[in-house]
Amino acid sequence: MGKKIFSGVQPTGNLHLGNYLGAIKNFVDLNNDPDNDCIFCVVDLHAITVKQDPKELKNNIRETVATFIASGIDPKKSIIFNQSGVAAHSEGAWILSCVARMGWLNRMTQFKEKAGKDKEKASVGLYSYPVLMAADILLYDATHVPVGDDQKQHLELCRDIAQKFNNDFDQDNFLQVPEPLIQKEFSRIMSLKDGSKKMSKSELSDLSRINLTDDRDAIENKIKKAKTDPLPMPSSVEELNERLEARNLLGIYSSLNNSTLQSTVDNFSGKNFSEFKNQLSDLLVKKIEPISLEIKKLLNDRPYLDKILLEGVEKANSIASKKIDRIKEILGF
Ligand code: AQP
């Protein structure tokens, strides 16, 4: 049976290799299966949980749509839209915030990481972010949600919220409890500068990530400067437990090459790091450069990108508005 897929990406600029390998590459495979109904959302309401420049946000929304399409998502097969265009997301988030429990949200590690030491100054939205994410998913009866490993905890919270709503209002299976779709291997791509931190758009150093808009020179330079250790290339996968940076680079290679970590380790064992880095650069250029060129081409055609969003909003709204109406009826409004 086909799956109902929902997933989102924040338009916070610099979409990178982590977003691609952890999420977007998977979106493309799901989009290509004719049995699936896919919805891919540019989650602009999520983006404003931290300060955004309005002009940049507008550009980043278009750039995210361009990245989806350049990566291979077909807007004729999948719905692509921006979250703020469909009012039910904000309404749903409020209603579900009355279902979610403080204790559940207090356990969310992303808030702790993003708020840092100065939690008092974080926005309320950053704290309640996972509730909005639950509304996004539940409004479309999504059965499966493809995300990177970093979003697993939020998805578990979404499942808890759906189950509590169904129990509280005696509505068996009214809210579909979704399953996460997380790749088993390479589901978390780490920073090129620190193998213990995830690759992220908001990291200050551009050298920490491969952006999907990077050209050949930028990719080669970043891989050349990527942190490694002084040891020779590993000869076993177990060795990588202690060698985070080497693990990350070998993982990126394997993921791009659709091979296992074991075969990549075997392939490069005994060779030197610079040879591996050259081959990694070549593979990255081969996979990322066509996407990067296509993004730039699409960004020159704003009316096309805006039309896709507009049509997507219309389709998404026709689904979500019905669901929110039912939710309101159930609540007694
Ligand atoms: N490093 C990563 N490895 C694997 N998957 C990742 N994702 C993000 N970073 C990695 C996945 O990409 C999808 C979209 O993420 P997002 O843009 O909505 O938010 P995020 O997870 O907060 O990404 P960033 O890069 O860390 O953004 P900022 O810095 O703006 O907060 C998600 O499925 C995510 O799992």
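1. Is Lys197 buried, partly exposed or exposed? At 42% relative accessibility, Lys197 counts as partly exposed, because that class runs between the 20% and 50% cut-offs. Please keep in mind as you read on that this is a predicted model.

2. Let us stay with Lys197 for a moment. You will find Lys197 in the loop between strand 5 and helix 9 (216–225). Setting aside residues up to four places away in sequence, Lys197 touches Met190, Ser191 and Glu203. With Glu203 there is also a polar contact, side chain to side chain, of 3.3 Å. Val28 is 169 residues from Lys197 along the chain, and the two C-alpha atoms are separated by 26 Å.

3. Now step back to the whole protein. Two domains are assigned: domain 1 covers 4–187 + 302–331, and domain 2 covers 206–297. Notice that domain 1 is written as two stretches of the chain. The C-alpha centres of the two domains lie 29 Å apart.

4. Leu17, Ala70 and Phe186 supply 38% of what domain 1 buries against domain 2, more than any other three residues.

5. Next, look at the polar side of this interface. The count of salt bridges between domain 1 and domain 2 is zero, while four residue pairs are in polar contact across the interface.

6. Ser259 sits in the loop between helix 10 (244–257) and helix 11 (261–268). Its relative accessible area is 17%, so Ser259 counts as buried, the cut-off being under 20%. Apart from neighbours within four places in sequence, Ser259 is in contact with Phe186, Ser254 and Thr264.

7. His46 belongs to helix 2 (residues 44–47). With a relative accessible area of 2%, His46 is buried. Leaving out neighbours within four places in sequence, His46 is in contact with Gln10, Gln83, Tyr129, Leu132, Met133 and Asp136. The His46 side chain reaches the backbone nitrogen of Met133 at 3.4 Å. Ala93 is 47 residues from His46 in sequence, and their C-alpha atoms are 11 Å apart in space.

8. Asp141 has a phi near 50°, a positive value in a residue other than glycine. Asp170 also has a positive phi, of about 55°, although it is not a glycine. Asp141 is in the loop between helix 7 (124–138) and strand 4 (144–146), and Asp170 is in the loop between helix 8 (152–168) and strand 5 (179–181). At 23% relative accessibility, Asp141 is partly exposed, whereas Asp170 is exposed at 67%.

9. Side chains of opposite charge can pair when their charged atoms come close. The structure holds 20 salt bridges. One of them joins Glu91 to Lys328, with the closest N and O atoms 2.7 Å apart. This pair links distant parts of the chain, since Glu91 is in helix 4 (residues 88–97) and Lys328 is in helix 13 (residues 302–331), 237 residues apart. Glu91 is partly exposed at 31%, and Lys328 is partly exposed at 24%.

10. Asp141 returns here as a salt-bridge partner of Lys323, with 2.7 Å between the closest N and O atoms. Lys323 is in helix 13, 182 residues from Asp141. Lys323 counts as buried, at 9% relative accessibility.

11. What ties together parts of the loop between helix 9 and helix 10? The side chains of Asp229 and Arg243 meet there in a salt bridge of 2.7 Å, N to O. Both residues lie in that loop, so the pair ties together parts that are 14 residues apart in sequence. Asp229 is buried at 18%, and Arg243 is buried at 5%. Finally, salt bridges that share partners join Asp206, Arg209, Asp214 and Lys222 into one network.

Technical notes: Residues are numbered from 1 along each chain as its sequence is written. This is a predicted model: local features need pLDDT of at least 70, side-chain atom pairs count only at pLDDT 80 or more; totals for chains, interfaces and linings use all residues. Side-chain values use heavy atoms; hydrogens and water are left out. Domain bounds come from an automatic or database domain assignment. Buried area is the accessible area (1.4 Å probe) that two parts lose on being put together, summed over both. A salt bridge is a side-chain nitrogen of Lys or Arg within 4 Å of a carboxyl oxygen of Asp or Glu. A polar contact is a pair of N or O atoms within 3.5 Å; within protein, one must be able to donate a hydrogen and the other to accept it, and residues adjacent in sequence count only if both atoms are side-chain atoms. Helices (H or I, at least four residues) and strands (E, at least two) are DSSP runs, numbered from the N terminus. Buried means under 20% relative accessible area, exposed over 50%, partly exposed in between (1.4 Å probe, protein chains only). Contact means heavy atoms within 4.5 Å.
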